[in-house]
Amino acid sequence: MTSPLAISAKRPPLPKITIVTPSYHQAEYLEACMLSVLSQGYPNLEYIVMDGGSTDGSADIIQRHATRLSYWQSCPDGGQVRAINAGFARGTGEIMAWLNSDDMLQPYALWKVAAMFGQHPELEWLTGRSAIWEGDGRLAWIAPELPQLSRRKHLELNFDNPFIQQDSTFWRRSLWQRAGGQVDPALRLTFDTELWLRFFRRARLHILDSLLSGYRITGANLAVLNHDELCMRAAQHVLAERALAAEDRAPRSPLPRVLRLARREVVALARDFGLERAPAWGRGWERYFWGLTGLIKGNYADGQHEVVQFIADELELFDGQVLENLEEARAARDGVLPRVVECARLNDEGAVLLAAGQAREALARFERALGKCPNESDTRTLANCAAAVAALGHDDDAERHARGALELAPMNKSAALCLHALYTRAGRPDDAARVVEEFARFDPDEPEMAALRARAPRVVTSRQAKLPRITIVTPSYNQGRYLEECIQSVLAQGYPNLEYIVMDGGSTDASIEILRRHATELSYWQSAEDGGHASALNAGFARSTGDVMGWLNSDDKLHPGALWKMAWAFQQHPELDWLTGRPSGWDSEGMLTGVAVEVPYYARTKHLELGFGQPFIKQESTYWRRRLWDQAGGKVEPAHRLAFDTELWLRFFRHARLHVLDALVAGYRVTGENVGVLRRDELVRETTALIRDERRTRPEAEIAEDGLPRVLALSRPKLLEFMRKSDVTPQIPWGNCWPAYFAKLAEEMRNQHHNGRLGLVRFVASEHALYEGRDLEGVAKLAEELARAMANAAEIDRANDEGEAHFEAGRNDEAVTAFARALKLSPGTKETRTLTNGARACARAGRVHEAEQCFRVALVLEPMHRPAVLGLHRLLVELGQHEEAARVVDEFSRLDPDDPEIALLRPPRTR
């Protein structure tokens, strides 16, 4: 069939291509960028340069080329995104793209783009093979494989970096207009990713197997300097998009995802429109061919024969041309290409023999091909060797060859299929499934591998396998009303290394139907008489294998992201033995009822001294390592029907120090059936008796007092990065509970803000940050409330900072004025830090009564506010009220008996 490009007499008009270059203080690179566009020799080009008012000589560079530009300006423009939008608003081209001022187009790029859009009128957007320029403009890297990009893969965050190379991406104006007609001006780093997601809703991305552009690596790239933030924010956009993607609305084009175009046809197209020689590119040719020469040699030495062949094809663009350093590139190509071709020929012959069942003869061809490869490393040859050796029954050698091929090219389907077959034959289904999962990370849509993936048991990837295995046991009896929500809160965590066991005591309600619905997702379940709550737990844990353990009663629920938070803490801190979260509660309908104002401070000393209002560590938020469980006896004690969790904690305290993760992990549901509520007085008596018995029988138990702080803080970026590095989409799925969940969080935040508890407001803000950017019902309203509250908190902090500076400098009156302003800004005129600061200033100014009153109000709001305790104690001592001063210290010590500074103030006493 004759190529449409070969019929020069019937050439259609060239499409008009609009390129916009935004720039600011990029004079070092700007001219090379502009020349890479203007020197394409493309006659229907609309090139617009938008400079933001640079003072480094950029305007002079632009002025030199002004007659060849369609439009340019140099003035303040509001930043890169606004400059791009303003440039495109002036453009009229059918095909569009932007090129940043430190990047460059490849030779013939616009001709390639015109050819592809001309051949395929249904094509709407296109990207090329990725490439990188060094800072000096030398071509430094060409991607060894084509990017496998699809909307589904993007929505699954199924890649190491969620980026389509922007400088190599072109699209039709019709798609731009359907997608909103602008880049989002609210974004600074990831506006291209957000645009691609809008494009994906309306069209399928295609990849041209050719060089179109390149990203220049300099010391000032925002994408390099802010790489982690960039990945995190790109992931946020993808997560928000997932909420809109209940079904895949991207059209299914009949075209293949990968398009190829003969380089000779590109040259023919250019010549038909008057371009007789390669596009003029100034001094860029010297570095260009110098870079290609190095890439030919380097990729051949590394066994990347496909890249060598790709570069040889690109050099066809310059056949017959005389350009600086081109001869060196041709010489490098001609020096290795015969060996690459011979290697390919031997592989072709061997493949025919192998298909005919002549494995030994095929292997001889493949081994000859391997001998022609530097370091005996070529992806196709290694994969073929693996298949031949496997056919001869030498599985160990076959596995070695297949793995070698996949190290060079993780997307080599032949090697992956061979390795999968080897593991299946050896009775290693988990390893076989893991091969398919690893391949699916790169190309989830490949039909043959997708079919294997659908039949394979779900396994964790090698990186997921390094996550701590978490065992959760749920004991249940006639709790069908709550059981489904409990199970869903665990399974919907998306945590890959979970062992979930449900032990039902022979329920006669809907519990059995619920368990059967989730049977394939549970590690184990049963429904039979079990001897009660504690016995069910022991039986469940006896079946378990997890490194980290916990139980969740069937009427309680995990918070979104709970298991990821715990996994992060235990993996980051290997010496940690047990951990609990910030307490919270649910009502009988499963709605959030409240969050603890302060982080709980738990210590063995405090427990033995009964130093608390209620002696309960929240069981549903508490997890521990198996080593501690084994040290402490390896069971809960069935003899204690109500307080078996407290008895377990007392045994744990003998061996380890409890730490607190300042995050929401789980909540206790208050219903009309809670034994802990209906028999609360009995529970308190049993708990107190257990603690007193522990104090009497084991007063000197040894525990580890050194090491980590008791409170561990976890930020949202840390959590999402931890998930991403574990090969998991950083999402926090959780059924249909979002509207009420966020409404309750907003209500809790408003109440605590009104009461002056800004610490809790900041805590809610940190939890909300897990969902920032996601289109979930209620999250936007919560964000608005938080923005107002946090703005108020920031004003209060500024006033306090100013006051503290005056206070330290001895300017008492100015300090009092600043603290008074902070207090006036405080909602309900109550805020712990402000009250404490005001009290200190009043005390120094001799206003003793006001100082004491402020200290005491601060401690009502926050009984563990240490500065207020120390300030009130000092004031009372100065007034000679020593007994009252000691009482203040004792009150604090009930909550935190181990604080070293407070302990020094506490008078010695005997038990």
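A salt bridge here is a side-chain nitrogen of Lys or Arg within 4 Å of a carboxyl oxygen of Asp or Glu. Arg798 and Glu795 meet this rule, with their closest N and O atoms 2.2 Å apart.

This is a predicted model, in which local features need pLDDT of at least 70 and side-chain atom pairs count only at pLDDT 80 or more, while totals for chains, interfaces and linings use all residues. Residues are numbered from 1 along each chain as its sequence is written, and side-chain values use heavy atoms, with hydrogens and water left out.

**Confidence**

pLDDT is the predictor's confidence in each residue, from 0 to 100. The chain has a mean pLDDT of 81, and 80% of its residues reach 70 or more. Residues 246-256 have pLDDT below 50. Beyond near neighbours in sequence, that stretch has 19 contacts in the model, a contact being heavy atoms within 4.5 Å. Residues 702-709 also have pLDDT below 50, with 15 contacts beyond near neighbours in sequence.

**Salt bridges**

The salt-bridge count comes to 40.

Helices (H or I, at least four residues) and strands (E, at least two) are DSSP runs, numbered from the N terminus. Arg798 and Glu795 are three residues apart in helix H32 (residues 779-808), so about one helical turn separates them. Arg403 and Glu399 are four residues apart in helix H16 (residues 395-408), again separated by about one helical turn.

How covered are these residues? The scale is relative accessible area: buried means under 20%, exposed over 50%, and partly exposed in between (1.4 Å probe, protein chains only). Arg798 is partly exposed at 47%. Glu795 is partly exposed at 37%. Arg403 is partly exposed at 41%. In the Asp334 pair, Asp334 is partly exposed at 44%, whereas Arg333 is buried at 15%.

Salt bridges also form a network, which links Glu342, Arg345, Glu349 and Arg365.

**Strands**

Two strands pair if DSSP finds at least two bridges between them. Strand E18 (residues 578-582) is mostly covered, with five of its five residues buried. E18 pairs with strand E21 (residues 622-625) in the antiparallel sense over three bridges. There, Leu579 has Tyr623 as its bridge partner. E18 also pairs with strand E22 (residues 658-664), in the parallel sense and over five bridges. Trp578 has Leu658 in E22 as its bridge partner.

Strand E4 (residues 95-98) sends Ile95 and Ala97 one way and Met96 and Trp98 the other way. All four are buried. In a regular strand, side chains alternate between the two faces of the sheet. E4 pairs with strand E1 (residues 17-23) in the parallel sense over four bridges. Ala97 in E4 stands opposite Ile19. E4 pairs with strand E9 (residues 169-172) in the antiparallel sense over two bridges. Here Met96 stands opposite Trp171 in E9.

**Aromatic rings**

Rings of Phe, Tyr and Trp (its six-membered ring) pair if their centres lie within 6.5 Å; planes under 30 degrees apart count as stacked, over 60 as edge-to-face and the rest as tilted. The whole structure holds 32 aromatic pairs. In one of them, Trp133 and Tyr288 have ring centres 6.1 Å apart and planes at 45°, so the pair is tilted. Trp133 lies in strand E7 (residues 131-133) and Tyr288 in helix H11 (residues 284-301), so the pair ties together parts 155 residues apart in sequence. Both Trp133 and Tyr288 are buried.

Ring pairs also build a cluster from Phe88, Trp98, Trp125, Trp171, Trp176, Phe191, Trp196, Phe199 and Phe200. Trp98 belongs to E4, and Trp171 to E9.

**Cysteines**

How many disulfides does the model contain? With a disulfide defined as a pair of cysteine sulfur atoms within 2.5 Å, the count is zero. Cys385 is in no disulfide, and the nearest cysteine sulfur, that of Cys373, is 8.8 Å away. Cys385 is buried, at 1% relative accessible area. Cys854 is buried, at 17% relative accessibility.
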